[in-house]
Amino acid sequence: MAQEHSPSSANTKHMIGLRAAVTVLERWKANRNQIQQVLRISRATLLRAKGEATASRLDCDQLERISIVLNMHATMRTVFENPANVYGFMGRPNDNEFFNGRVPLDLISRGSMLTLIETYRRVDSLRNGLW
């Protein structure tokens with residue numbers, strides 16, 4: 001059975017990922033502007049993701065950002081047993097190196113892909129007890 005690889009099928013799959021990432025960011029207490037900055041999406045795309053509208057076309061940068069957010073969330077679900085930590089970690093000041101007392105969500109909300117990647121690397125290092 002051949003898989004469908006049409007643009008509309010890909011866009012639908014991308015929208016599922018986008019909706020999941022938006023949900024995670026909302027659970028991290030990100031506001032609308034922060035969500036748009038982290039995922040580098042427009043207000044219209046965010047509104048489509050939150051509604052039942054048809055899929056949006058997302059570029060490679062946006063898809064990578066979605067992937068990073070979802071992977072960061074998956075890591076925190078592995079590391080933390082307490083949902084308050086899973087969803088609260090990104091909104092709390094962090095004194096570990098790189099964060100230096102800053103709130104991870106505030107850092108990634110500035111829109112820099114490098115900061116998003118480095119934040120993910122730091123969160124992922126928790127799995128190995130490197131912090």
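Visitor: Which residue caps the N-terminal end of α2?

Guide: N31 does: one of its side-chain oxygens sits 3.1 Å from the backbone nitrogen of N33. Helices here are DSSP runs (H or I, at least four residues), numbered from the N terminus. Keep in mind that this is a predicted model, where local features need pLDDT of at least 70, side-chain atom pairs count only at pLDDT 80 or more, and totals for chains, interfaces and linings use all residues. Residues are numbered from 1 along each chain as its sequence is written, and side-chain values use heavy atoms, with hydrogens and water left out.

Visitor: And what happens just after α2?

Guide: There, R40 takes a positive phi of about 55 degrees.

Visitor: Which residues of α2 are buried?

Guide: Buried means under 20% relative accessible area (1.4 Å probe, protein chains only). In α2, residues 32-39, that gives you Q34, I35, Q36, V38 and L39.

Visitor: Why does Q36 count as buried?

Guide: Because its relative accessibility is 12%. Contact means heavy atoms within 4.5 Å; leaving out residues up to four places away in sequence, Q36 touches I41, S42, R43 and L46.

Visitor: Which residues touch the most other members of the largest nonpolar core?

Guide: A nonpolar core is a set of buried Ala, Val, Leu, Ile, Met, Phe, Trp, Tyr and Cys residues joined through side-chain atoms within 4.5 Å. The largest one has 32 residues, and L18, L25, W28 and L39 touch the most other members. Elements giving two or more residues to this core include α1 (7-27), α2 and α4 (60-79). The largest share, six residues, is from α1.

Visitor: What is L18 in contact with?

Guide: Setting aside neighbours within four places in sequence, L18 meets L39, I41, T45, A49, L58 and I66.

How values were computed:
Buried < 20%, exposed > 50% of the residue type's maximum accessible area, 1.4 Å probe, protein only. Polar contact = N/O pair within 3.5 Å; in protein donor to acceptor, adjacent residues only side chain to side chain.
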